[in-house]
Amino acid sequence: MSFRKFSSDTDVIDFARHHSDLFAADEPLQVEEIGDGNINFVYRVSGATNSLIIKQALPYVRIIGEGWPLSQDRVRIEAEALQLEAKHCPDLVPEVYRYDAEQCAIVMEDIGAFENLRIAMVQRIKLPLLAEHLGRFLADTLFYTSDLYLNTYEKKELVKGFINPDLCKISEELFFWDPYCDHERNSINTLIRSDAEQLWQDSALKLEVARLKVKFLNQSEALLHGDLHSGSVFANVSGTKIIDPEFAYVGPAGFDIGSIIGNYLLNIAGQANLSGDKAERSDYQQWLLVGIKTLWHTFEQRFREHMLAETRDPSLQLSEYADWYIAELLADSLGYAGTEVIRRTIGLAHVMDIESIEDAERRADSERLALKLGQILIKERAALDSIDQVIDRVLGELYCR
Ligand code: SR1
Ligand code: MG
């Protein structure tokens with residue numbers, strides 16, 4: 001049978017029964033479409049005691065339609081990336097039960113016991129293990145897919161298996177071009193139009209963004225998740241699950257680290273004006289800043305341990321090299337965090353952390369703060385030598401307004 005979009009609950013249920021043994025043959029099943037992302041359709045199929053998730057990729061971007069075609073190979077890439085991540089951190093990703101190339105669909109574990117991180121952050125829920133889990137995920141997935149660990153042949157096979165041009169093109173444009181010009185895809189609060197126009201005139205900033213873009217295009221350093229924003233993370237007080245690696249490709253390691261740090265910062269900017277008690281919002285901003293620190297320290301310590309104990313290439317085993325490598329990674333991560341913050345503020349795809357501020361003036365204030373933080377990170381990334389300096393710099397912007 002050739003590809004067919006699931007067009008009814010029965011289609012989805014038949015597919016679930018055929019591709020899993022979780023359900024009894026006579027068990028009644030329910031389907032809900034739960035996809036809230038921009039690109040795909042996601043269904044939860046539930047029986048009396050078990051449930052699973054089916055994700056189907058259509059040959060175009062869901063929110064745009066057939067006017068924005070998109071390779072369905074992304075679903076193979078997602079399935080293979082999840083399986084590879086599971087080798088290194090099985091507790092941090094949903095289990096893939098089946099990948100069906102014909103229907104461009106993945107059948108996977110239901111992670112309904114976890115809450116979407118973006119929603120949790122908007123609600124100011126503190127998740128005690130989150131930052132450590134993210135740091136461990138990043139250290140393990142990035143180290144074990146890099147030339148530090150893989151041999152020449154394994155690494156080139158990895159690069160080949162994750163050639164992902166359509167999805168890379170989306171990021172190349174949405175991160176590194178659209179927000180830096182008056183692009184028709186941008187969405188800009190009219191109250192900050194002049195701030196955006198100023199940013200478009202800033203050639204020092206655009207030069208730094210160009211340098212980050214060239215790394216994104218050329219630096220085949222490690223297998224990235226490729227879209228590690230807080231909507232791709234689910235968490236609760238005891239666990240974390242990272243989903244949706246359809247943008248995976250072999251790129252600069254700092255891109256993943258920066259994407260998630262950027263999402264912490266977007267929430268920090270949002271908390272300046274989200275509804276609720278001011279003291280509670282400030283307290284949550286502090287919690288997020290501590291989270292960035294913990295995430296980076298967990299990552300740094302674990303990645304360094306991996307480098308010193310498991311780097312296979314003898315020419316890369318010097319401890320001085322590990323120091324240099326990690327310092328470069330911090331700078332890259334800060335730069336990419338800045339591009340994530342800016343593109344989510346004036347580009348195509350915005351975030352609830354700021355969009356849910358109803359009052360346009362207050363939203364504009366958070367957007368200005370986000371733009372400021374993004375520019376600082378991009379322009380000052382080489383001078384910010386430690387995560388403590390980064391936190392101080394952010395605090396300076398938060399409290400000197
Ligand atoms: C058209 S896709 C817009 C954004 O949604 C995805 O989740 C990625 O973040 C992409 O940049
Ligand atoms: Mg996604």
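**Pocket, sheet and a buried serine**

The largest pocket has a volume of about 1000 Å³. A pocket is an open set of points on a 1 Å grid over the protein atoms alone, with protein on both sides within 12 Å along at least five of seven lines, and lining residues have an atom within 4 Å of a point. The volume is the space filled by 1.4 Å probe spheres set on the points. This is a predicted model, where local features need pLDDT of at least 70 and side-chain atom pairs count only at pLDDT 80 or more, while totals for linings use all residues. Residues are numbered from 1 along each chain as its sequence is written, and side-chain values use heavy atoms, without hydrogens and water.

Reader: Which element gives the most to the lining of the largest pocket?

Author: Helices (H or I, at least four residues) and strands (E, at least two) are DSSP runs, numbered from the N terminus. Elements with two or more lining residues include E2, E3 and H11. With 4 residues, the top contributor is H6.

Reader: Is serine 171 buried or exposed?

Author: Serine 171 lies in H6, residues 165–176. Its contacts (heavy atoms within 4.5 Å) include Phe216 and Phe247, leaving out residues up to four places away in sequence. Buried means under 20% relative accessible area with a 1.4 Å probe, protein chains only. At 3%, serine 171 is buried.

Reader: Which strands stand at the edges of the sheet?

Author: Two strands pair if DSSP finds at least two bridges between them. The open sheet has the order E1-E2-E3-E7-E6, with antiparallel pairing. Each edge strand has a single partner, so one side is left without a neighbour; these strands are E1 and E6.

Technical notes: Chains lettered and ligands numbered in written order. Buried < 20%, exposed > 50% of the residue type's maximum accessible area, 1.4 Å probe, protein only.
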